[in-house]
Amino acid sequence: MKTTQNKKIILMVEDDPDDIYLIGEAIDECQLNAQIYVVEDGEQLLDYLHHKGEYADPEGSPRPDLILLDLNMPRKDGREALAEMKKDPDLRGIPVVVLTTSSAERDMKYSYAQGASGFVTKPVSFSGLREAVCKIGDYWIRTVQLPEEKLGDGTEDHSEES
């Protein structure tokens, strides 16, 4: 996987400053070898992923190994951003775990239908949030192997398979 200083890249898409802080603290307490980047809505997410505007420099906006996506945000919400992202062949392979206050069945079904890799309702306590984040990190940061990037045509490079 693409790394920055041997750390995995987690892109948190969250508009609530308290949640940004708490999720960041949970990631730290889980001792995930990850660097966290934060955007505050779906428009910023897509700008980050496409290196537009303030995210034009790829060094400052590296390809994430995991996206933690809130659904309820201003401007472009997580539902819209997820749908757009998963339509793009260069982005659809990035795992997206929806981490939201919503526990609505329709939001869960919609998220999975649009290509989310997971759906987690944010626990109300910090200990619950830490446990959820540790489980997400154990799987997506420590366990799974993902290709570094897609080729321009949306296919993966299999030239070194054995």
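Helices (H or I, at least four residues) and strands (E, at least two) on this tour are DSSP runs, numbered from the N terminus. The model is predicted, so local features need pLDDT of at least 70 and side-chain atom pairs count only at pLDDT 80 or more, while totals for chains, interfaces and linings use all residues. Residues are numbered from 1 along each chain as its sequence is written, and side-chain values use heavy atoms, leaving out hydrogens and water.

**The whole chain**

Start with everything in cartoon view. You will find 5 helices and 5 strands, arranged from the N terminus as β-α-β-α-β-α-β-α-β-α. Now colour by pLDDT (the predictor's confidence in each residue, from 0 to 100). The chain averages 88, and 88% of its residues reach 70 or more. Select residues 151–162 next: here the pLDDT is below 50, and the stretch has 9 contacts (heavy atoms within 4.5 Å) beyond near neighbours in sequence.

Select the strands. They form an open sheet of 5 in the order β2-β1-β3-β4-β5, with parallel pairing; two strands pair if DSSP finds at least two bridges between them. At the edges sit β2 (34–39) and β5 (118–121), each pairing on one side only. From one strand to the next, the twist averages 20 degrees.

Zoom in on β1 (residues 8–13), which is joined to β2 by 6 bridges. Pick Ile 9 there and its bridge partner in β2, Gln 35.

Axes are lines fitted to C-alpha atoms, for helices over the stretch in contact, with angles from 0 to 180 degrees between N-to-C directions.

**A stop at Pro 95**

Pro 95 is in the loop that connects α3 (78–87) with β4 (96–100). Is Pro 95 buried or exposed? Its relative accessibility is 4%, so Pro 95 counts as buried; buried means under 20% relative accessible area, exposed over 50%, and partly exposed in between (1.4 Å probe, protein chains only).

Show the residues that Pro 95 touches, not counting those up to four places away in sequence: Asp 65, Leu 66, Ile 67, Ser 117, Trp 140 and Leu 146. Of these, Trp 140 is 45 residues from Pro 95 in sequence, with a C-alpha to C-alpha distance of 8.1 Å.
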